[in-house]
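Dear colleague,

Please find below the structure that I am handing over to you, together with its sequence. My findings follow directly after it.

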Amino acid sequence: MPFKTLDDLTAPLGLTAVVRVDFNVPMENGRVTDDTRLRVALPTIRKLQSLGAEGVVLLAHFDRPKGRRVAEMSLKPIVEPLSALLGQSVGFAEDTPDHPAYLDAENLSGGAVLLVENTRFHAGEETNDPKVAEHFAQLGDIYVNDAFSAAHRAHASTEGVAHILPAYAGESMRRELTALDAALGNPQRPTLGIVGGSKVSTKLDLLKNLVSKLDYLAIGGGMANTFLFAQGYDVGGSLCEKDLKDTALEIMAAAAQADCRLLLPLDVVVAQEFKANAANRTEDIGAPLTDADKIFDAGPRTVDELCKIMASAKTLIWNGPLGVFELPPFDAATVAAAKFAAQQTKSGKLVAVAGGGDTVAALNHAGVADDMTFVSTAGGAFLEWMEGKVLPGVAALEA
Ligand code: ADP
Ligand code: MG
């Protein structure tokens with residue numbers, strides 16, 4: 001790892017750590033409805049405590065208050081569920097101009113945990129104002145970033161502060177970076193990517209980066225229609241970005257140039273109504289389609305071919321479903337590919353890393369999210385990383 005982790009800290013610490021976490025949890029009427037992100041933060045908090053940290057000060061953003069104090073966007077509702085999970089009461093710092101958070105942070109002892117109010121209540125958080133970074137740095141002696149999902153933003157609490165205090169990757173950040181490195185940084189070959197989802201336009205950078213790095217790339221979902229159309233195949237009334245025809249051809253040429261073998265659908269499942277259990281039929285590509293026909297999934301021959309390639313691959317990186325997985329039976333290709341990936345991973349033949357908003361939902365739908373090597377819930381940060389971009393929050397840890 002090109003950056004320091006908590007393993008580089010030696011006990012007894014006797015310090016206070018400022019930890020950036022992701023507590024942007026789903027909330028309804030001031031109650032946390034899914035505590036996954038709170039659980040994700042526990043290993044880092046506990047490790048710092050076991051190393052002898054006097055205080056653990058937690059920084060997090062919630063929603064988009066745009067630099068103003070918005071009561072409904074307070075982090076206060078986190079205190080109770082976090083205390084329950086930790087089995088210790090967590091303090092809360094309002095962090096107002098009259099009573100800045102360092103007044104609450106300076107006397108922590110014995111591994112006390114203090115949650116600081118929404119970082120984005122400071123106007124300078126999102127602009128990475130050095131004054132706000134300094135304000136956060138005053139809260140402790142070392143900085144730990146455990147929020148990979150916020151690392152694509154250069155904000156005061158994710159980037160600026162990392163240049164002021166000695167900076168470390170937290171446990172969840174380390175796990176994520178290790179998995180991503182195994183998938184795309186230094187993967188075992190042959191490598192296979194699966195990219196699906198709705199549109200080519202939102203995943204251009206991602207496709208370009210992947211064809212330059214992978215041995216095989218399967219393209220599915222709505223975006224495959226644009227590739228089929230670009231090659232002159234009939235796509236009927238399917239979702240298709242016809243204006244991106246040339247872009248699709250460029251990506252195909254780039255893949256050929258880079259020796260990345262593309263797998264586009266060989267057959268497709270077609271229906272006329274966008275609803276569950278709509279009447280449907282399977283067609284080979286090239287079959288004539290009417291304007292009423294819409295491609296909603298990849299067909300069984302495509303899935304067979306994909307699984308054949310997956311059986312020979314050592315690494316899989318996956319973003320985006322192969323079809324409209326929300327509406328059965330148009331989940332069939334996604335579910336079959338996911339189950340095969342899970343089986344290969346469980347038998348130790350494949351390292352499988354997946355991520356992206358709907359991808360996580362699709363793998364959960366297939367019941368195999370836990371069988372993958374790693375499933376990232378980081379959303380935007382995961383996609384930017386798949387695009388080959390430098391994530392400022394990660395880069396700052398390397399400095
Ligand atoms: P992700 O969030 O996984 O990165 P996207 O947001 O780009 O992926 O796309 C996911 C959506 O794509 C899903 O809602 C799915 O229904 C839709 N989709 C997949 N295949 C098709 C298709 N053939 N036609 C229309 N929509 C599709
Ligand atoms: Mg999405």
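Please note that the model is a predicted one.

Backbone

The peptide bond that joins Pro328 and Pro329 is cis, with omega at about 10°. Another cis peptide bond joins Ala11 and Pro12, where omega is about -5°. Pro12 belongs to the segment before β1 (16-20). Asp63 also deserves a look: its phi is near 60°, a positive value in a residue other than glycine. Asp63 is found in the loop between β4 (55-59) and α2 (76-86).

Domains

The domain assignment divides the protein chain into domain 1 (6-173) and domain 2 (187-386). Their C-alpha centres are 37 Å apart. Where the two meet, five residues of domain 1 are in contact with seven residues of domain 2. Domain 1 and domain 2 bury about 450 Å² between them, and carbon and sulfur atoms give 64% of this area. On the side of domain 1, Phe148, Ser149 and His152 supply 81% of the area buried against domain 2, more than any other three residues.

Ligand 1

Which residues come nearest to ligand 1? Of the 17 residues around the ligand, they are Lys203, Ile295, Glu326, Asp358 and Thr359. By class, the shell is made up of five nonpolar, nine polar and three charged residues.

Several contacts involve oxygen atoms of the ligand. An N or O atom in the side chain of Lys203 is 2.8 Å from an oxygen atom of ligand 1. In the case of Asn319, an N or O atom of the side chain is 3.2 Å from an oxygen atom of ligand 1. Taken alone, ligand 1 exposes 580 Å², and the protein buries 84% of that.

The elements that give two or more residues to the shell around ligand 1 are α8 (221-230), β14 (294-298) and α12 (357-366). Of the elements, α12 gives the most, with three residues.

Yours sincerely

Terms used
Residues are numbered from 1 along each chain as its sequence is written. Chains are lettered from A and ligands numbered from 1 in the order in which they are written. This is a predicted model: local features need pLDDT of at least 70, side-chain atom pairs count only at pLDDT 80 or more; totals for chains, interfaces and linings use all residues. Side-chain values use heavy atoms; hydrogens and water are left out. A residue is near a molecule or strand if one of its heavy atoms lies within 4 Å of it. A polar contact is a pair of N or O atoms within 3.5 Å; within protein, one must be able to donate a hydrogen and the other to accept it, and residues adjacent in sequence count only if both atoms are side-chain atoms. Accessible areas come from the Shrake-Rupley method with a 1.4 Å probe; for residues, only the protein chains shown count as cover. Helices (H or I, at least four residues) and strands (E, at least two) are DSSP runs, numbered from the N terminus. Ala, Val, Leu, Ile, Met, Phe, Trp, Tyr, Cys and Pro count as nonpolar, Asp, Glu, Lys and Arg as charged, and the others, Gly among them, as polar. Domain bounds come from an automatic or database domain assignment. Contact means heavy atoms within 4.5 Å. Buried area is the accessible area (1.4 Å probe) that two parts lose on being put together, summed over both.
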